[in-house]
Amino acid sequence: MRDPLSKKIVQIQPSGIRKFFDIVSEMKDAISLGVGEPDFDTPWHIREEGIYSLERGRTFYTSNAGLKELKEEISRYLERRFGLLYNPDGEIYVTVGGSEAIDGALRAMLDSGDEVIIPQPCYVSYEPCVVLADGVPVIVELKEENEFKLKREQLEAVVTDKTKIIVMPFPNNPTGAIMTKEDLTEIAEFVIEHDLFVISDEIYSELTYGSNHVSIASFPGMWERTIVINGFSKSYAMTGWRLGYACGPKAIIDQMLKIHQFAIMCAPTASQYAAVEALRNGDGDVADMRNAYDRRRKFLIKALRDMGLKCFEPFGAFYVFPGIKEFGMSSEEFAEALLSEEKLAVVPGTAFGSCGEGFLRISYAYSIEDLKSALERIEHFIKKHSA
Amino acid sequence: MNKEVIDKGILDIIGKNSRFSSEDLAAMLETDKETIETEIRAMEDDKIICGYPALINWDKTDHERVTALIEVNVTPQRDMGFNKVAERIYKFEEVESVYLMSGDFDLTVIIQGKSMKEVARFVSEKLSTLEYVNSTATYFVMKKYKEHGITLEEEHDGRERMLVTP
């Protein structure tokens, strides 16, 4: 028999998270600080709207780009929260989560051999999606001493005449790093000077602490060069609804929409109706959840630092990224030992790129009570291993 | 962080769960233990924080408890309005809550008793015999679903969140 598989697909490594997930699920009564999704249930008024849409028999496809009223609400939301202007008719389309939009943007913009700069550690899908789109991923390693922010010098060191896109994954999963307006200024200048484009994954934009998220698309000259990706998963605790969106210049969105049209058809209809309710009446829920995360964040950082772990203060998402180099173990060894000795799952930093070596991703999408019992296990583990 | 933000933070947190230690509250609100304790004491003195009762689902115990909601129509007292009447009612220890209402009746009185008989006796002998009480209507609670924002019977079908996700 001939080899049924595509060489391109075979050479892509499965996600490091997946591998760790398999180990964890073998383990009985393990507790976890390993998730990348909110612990809150979707607010009831949003769920209720989803249920109501099913009761009303809204079980048909929507148009490819999504419900008109949802696109209009997205447009209003982006203007009110981030000062971004997108025409709901042609500059916005609704996707099956932010992930679909990442894939779509890369496939719509890349030709074979085009280079995409990806700052790591970062979410797991950018690099394989670039490969799937026949692009060439170029990794930039974010540094702890820069608070895991992307710096202009780092871009200068890797840019070539083949570079086409920079992926901007901020607020960042797994580090929790954010890019402020000042941080973004030099990046925006660089992009314009080198005639590049940006795919800005802003899925955690509602989860910043102490300052509001700033989108790189809001800089002069950047709207034309940016695809903004956002969604409902993190801000409204709607991961399982699978709903996101992409916004950008019509010329790019038109092409992304073509991929969406043929591969997906449309995002789930009930989810879209629920999302309309989320955008109309969910600002209070978002603020409440953000406040809760912020308290857990402070609680967790203090506890980890009190134990003597080196831990930079993250101002976004719901992760902390403590360093564990002094224990003489790799991230993976540390995480596996923590799991087998203390039955606590955290994700090794290397799951988000090889430069995550020496770090762990700890999620605070957990109640304070859960965090406390997990912290006891970490403390026990650390004492044992630093002796 | 300023006092107002800390106070609001304390109230938000202990309004849901009053069992956190001062150290925990201090960590969550990025301040120190002493500040937390001073602020809590001040809010207790000001009667902003009025108590720390636990929310108990008595139905799950062997001890019977009956709750009734009573609509009460009263004649307000000269110079004292409804307050004096309310006080005469809320001083009874069986009385759990008393609210002055807008609408068709004046006071909502919530009673906790050991049995229906005990509640009935309270209404007929104590409450309706007060001279300024004109009429009462008593409703017994058959089941409590949610109180103080907490669902008593957890209807959640287990936490099915995966242990590790990207």
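Predicted model: local features only at pLDDT ≥ 70, side-chain atom pairs only at ≥ 80, totals over all residues.
Before the structure itself, one term: the radius of gyration is taken here over C-alpha atoms, and the globule rule that goes with it is 2.2 Å times the number of residues to the power 0.38. Keep that in mind for both chains.

I'll start with chain B. A compact globule of 166 residues would have a radius of gyration near 15 Å, while the value for chain B is 21 Å. Along the principal axes, the C-alpha trace of chain B spans about 60 × 45 × 30 Å. Of its 166 residues, 19% are buried. If we take the contacts in chain B between residues at least 6 apart in sequence, 54% of them join residues at least 24 apart.

What is chain B built from? It has five helices and six strands. Going along the sequence, the pattern reads α-α-α-β-α-β-β-α-β-β-β.

Now one helix pair in chain B. Two packed helices are described by the angle between their axes and the distance between the axes. For helix α1 (residues 3-16) and helix α3 (residues 33-45) of chain B, the axes come within 10 Å and cross at roughly 75 degrees. Angles of 65 to 115 degrees count as roughly perpendicular, so α1(B) is roughly perpendicular to α3(B).

Which residues meet there? From α1(B) we have B:Ile6, B:Asp7 and B:Ile10, and on the α3(B) side they meet B:Thr35, B:Ile36, B:Glu39, B:Ile40 and B:Met43. By type, this contact of α1(B) with α3(B) has five nonpolar residues, one polar and two charged.

On to chain A. Its secondary structure comes to 13 helices and 12 strands. The radius of gyration of chain A is 21 Å, close to the 21 Å that the globule rule gives for 387 residues, so chain A is as compact as a globular protein of that length. The C-alpha atoms of chain A fill a box of roughly 60 × 60 × 55 Å along the principal axes. Buried residues account for 49% of the 387 residues in chain A. For contacts in chain A with a separation of 6 or more, residues 24 or more positions apart account for 75%.

Chain A is also assigned two domains. Domain 1 consists of 7-42 + 284-386, and domain 2 covers 44-281. Their C-alpha centres lie 25 Å apart.

Last, the contact between the chains. It takes 22 residues from chain A and 12 residues from chain B. On the chain B side, helix α2 (residues 22-28) of chain B gives the largest share, three residues. That side of chain B divides into eight nonpolar residues, one polar and three charged.

Note on methods: Residues numbered from 1 in each chain as written. Chains lettered and ligands numbered in written order. Domains from an automatic or database assignment. Contact = placed C-beta atoms within 7 Å. Helix = DSSP H or I, 4+ residues; strand = E, 2+ residues; numbered from the N terminus. Nonpolar A, V, L, I, M, F, W, Y, C, P; charged D, E, K, R; others polar. Buried ≥ 20, exposed ≤ 12 C-beta atoms within 10 Å, placed from the backbone. Axes fitted to C-alpha atoms, helices over the stretch in contact; angles between N-to-C directions. Parallel < 35°, antiparallel > 145°, perpendicular 65-115°, else oblique.
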